[in-house]
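I am opening a notebook on this structure. Each entry says what I looked up and what I found.

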Amino acid sequence: MILVDPPNAAGHGRLWSHVASDSSFAELHAFARTLGLPERGFDRDHYDVPAEWYDDVVAAGATPVSSRELVARLLAAGLRRRKTR
């Protein structure tokens, strides 16, 4: 399932949402291609999308979840990739 959290991550003067899959990276990349998300938006285990894309992402079929739920689902699926130190 494709998931999207609310646009609550600040960066570069705007707010961002995260789009992820709780089943596979293949599903995530395919979904991103249908929306025309640039590959540079992929960050380890999710795509960063600006707040103004949120409604389009949901309309395309992503399930809105909280940020905590998104991370929990990635962890449960074994797809969470943390930043290296």
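**Entry on aromatic rings.** I began with the rule for pairs: rings of Phe, Tyr and Trp (its six-membered ring) pair if their centres lie within 6.5 Å, with planes under 30 degrees apart counted as stacked, over 60 as edge-to-face and the rest as tilted. By that rule, Phe25, Phe42 and Tyr47 form one aromatic cluster.

Before going on I noted what I am working with. This is a predicted model, in which local features need pLDDT of at least 70 and side-chain atom pairs count only at pLDDT 80 or more, while totals for chains, interfaces and linings use all residues. Residues are numbered from 1 along each chain as its sequence is written, and side-chain values use heavy atoms, with hydrogens and water left out.

How many aromatic pairs does the structure hold? I found two. Phenylalanine 25 and phenylalanine 42 make an edge-to-face pair, 6.2 Å centre to centre and with 85° between the planes. Phenylalanine 25 lies in helix α1 (residues 25-35) and phenylalanine 42 in strand β4 (residues 42-43), so this pair ties together parts that are 17 residues apart in sequence. For the element names I used DSSP runs, numbered from the N terminus: helices are H or I with at least four residues, strands are E with at least two. Phenylalanine 42 and tyrosine 47 form a tilted pair, 5.2 Å centre to centre, with 55° between the planes.

I then looked up accessibility, where buried means under 20% relative accessible area, exposed over 50%, and partly exposed in between (1.4 Å probe, protein chains only). Phenylalanine 25 is buried at 17%, and tyrosine 47 is buried at 4%. Phenylalanine 42 is partly exposed at 24%.

**Entry on helix α1.** Which residues of α1 are buried? I listed Phe25, Leu28, Phe31 and Ala32. They cover an arc of only 125° around the axis, which puts them on the same side of α1; the arc is that of the directions from the helix axis to the C-beta atoms. An α-helix has 3.6 residues a turn, so residues three or four places apart point the same way. Ala26, Arg33 and Thr34 are exposed on the other side of α1.

I also checked what the buried residues of α1 pack against, and noted β1 (2-4), β3 (14-21), β4, β5 (46-50) and α2 (54-59). After α1 comes glycine 36, with a positive phi near 75°.

**Entry on histidine 18.** I located histidine 18 in strand β3. Its relative accessibility is 17%, which counts as buried. For contacts I took heavy atoms within 4.5 Å. Neighbours within four places in sequence aside, histidine 18 touches Leu3, Val4, Asp5, Ala9, His46, Tyr47, Asp48 and Leu70.

**Entry on salt bridges.** Side chains of opposite charge can pair when their charged atoms come close. The rule I used is a side-chain nitrogen of Lys or Arg within 4 Å of a carboxyl oxygen of Asp or Glu. My search of the whole structure gave five salt bridges.

One of them joins arginine 73 and aspartate 22, at 2.8 Å from N to O. Arginine 73 is in helix α3 (residues 67-77) and aspartate 22 in the loop between β3 and α1, 51 residues apart. I have arginine 73 as partly exposed, at 24%.

Another joins aspartate 43 to arginine 44, with the closest N and O atoms 2.9 Å apart. Aspartate 43 is partly exposed at 26%, and arginine 44 is partly exposed at 24%.

I also found aspartate 45 bridged to arginine 80, the closest N and O atoms being 3.0 Å apart. The pair links the loop between β4 and β5, which holds aspartate 45, with the segment after α3, which holds arginine 80, 35 residues apart. Is aspartate 45 buried or exposed? At 1% relative accessibility, aspartate 45 is buried, whereas arginine 80 is partly exposed at 28%. Salt bridges with shared partners also join Asp22, Glu69 and Arg73 into one network.
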